[in-house]
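Student: I would like a close look at one part of this model. Please take the side-chain contacts and go through them in a connected way.

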Amino acid sequence: EEQAAVTDTLFDSYMLKMGVQMFIIALLVALILGLLAIWYLTKNLSNIIEKVRRFKEGDYNARIENANDKDLSVLSNTFNEMADTIVANIDELKSVEKLRRELIANVSHDLRTPLAIMQGFVETLLIKNDSLSANEREHYLNTILNSSDKLKSLIAQLFEYSKLEAKQIEPQKEAFFISDLIQD
């Protein structure tokens, strides 16, 4: 009985030690596997974060290579698509800005022409007021009136363009013959 009691105590102590050792070994293996998994996932995430940071800093060509082969392929593909969309929008904005500058240059030229005509005829009227006949005076005043009407029309068109751009009015589409357009 004493031998059985000692054997049971030793066996229980041995099983306890083995259980504790196995638990510690399992815990260490789980910890190592967890750290490896976190490292593997954060490696891909670190790559994505680095590309996002580069894009934010102005490198608009930064893309995640082999996006479909990554663990976070949905995130990688979404970033690449978003970056492509942003670059396309930036290019479109640059194009619109270029067109706006050209429009402003053309409008300023078109506005200067009738204004210069009006100014020239008014100056002529002031300088030659006494020596002009009634017909010449009427001709000069009609030219000034026509130029002011053209200037008024150009300014009205400019306001319509700005309203269209601000989407305050909607253009009304209507059918037309291409021959009329060509003739115009």
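Tutor: A salt bridge here is a side-chain nitrogen of Lys or Arg within 4 Å of a carboxyl oxygen of Asp or Glu. Keep in mind that this is a predicted model.

Start with R54. The side chains of R54 and D59 meet at 2.6 Å, N to O. That value lies within the 4 Å limit, so the pair counts as a salt bridge.

Where does the R54 and E50 pair sit? Both residues belong to helix α1, which covers residues 2–56. They are four residues apart, so about one helical turn separates them.

The structure holds five salt bridges. Another of them joins R100 and E97, at 3.6 Å from N to O. Both of these residues lie in helix α2, three residues apart, about one turn of the helix. R100 is partly exposed, with a relative accessible area of 31%. E97 is partly exposed too, at 32%.

Now the aromatic side chains. A pair of aromatic rings is described by the distance of the centres and the angle of the planes. Ring centres within 6.5 Å make a pair, and planes over 60 degrees apart make it edge-to-face. By this rule the count comes to three aromatic pairs. In one of them, F55 and Y60 have ring centres 5.3 Å apart and planes at 75°, so the pair is edge-to-face. F55 has a relative accessibility of 9%, so it counts as buried. Y60, at 39%, counts as partly exposed. F55 and Y60 also belong to one aromatic cluster, together with F79.

A second aromatic pair is formed by F121 and Y140. It is edge-to-face, with 5.0 Å from centre to centre and 65° between the planes. This pair links distant parts of the chain. F121 is in helix α2 (residues 73–127), Y140 is in helix α3 (residues 134–165), and the two are 19 residues apart. Y140 has 16% relative accessibility, so it counts as buried.

That leads to the two helices themselves. Two packed helices are described by the angle between their axes and the distance between the axes. For α2 and α3, the angle is about 160° and the axes are 9 Å apart. That makes α2 roughly antiparallel to α3, because an angle over 145 degrees counts as roughly antiparallel. The crossing of α2 past α3 is left-handed. What kinds of residues make up the contact of α2 with α3? They divide into 16 nonpolar, four polar and five charged.

Methods. Residues are numbered from 1 along each chain as its sequence is written. This is a predicted model: local features need pLDDT of at least 70, side-chain atom pairs count only at pLDDT 80 or more; totals for chains, interfaces and linings use all residues. Side-chain values use heavy atoms; hydrogens and water are left out. Rings of Phe, Tyr and Trp (its six-membered ring) pair if their centres lie within 6.5 Å; planes under 30 degrees apart count as stacked, over 60 as edge-to-face and the rest as tilted. Buried means under 20% relative accessible area, exposed over 50%, partly exposed in between (1.4 Å probe, protein chains only). Axes are lines fitted to C-alpha atoms, for helices over the stretch in contact, and angles run from 0 to 180 degrees between N-to-C directions. Angles under 35 degrees count as roughly parallel, over 145 as roughly antiparallel, 65 to 115 as roughly perpendicular and the rest as oblique. A crossing is left-handed if the near helix is turned anticlockwise from the far one by less than a right angle, and right-handed if clockwise. Ala, Val, Leu, Ile, Met, Phe, Trp, Tyr, Cys and Pro count as nonpolar, Asp, Glu, Lys and Arg as charged, and the others, Gly among them, as polar.
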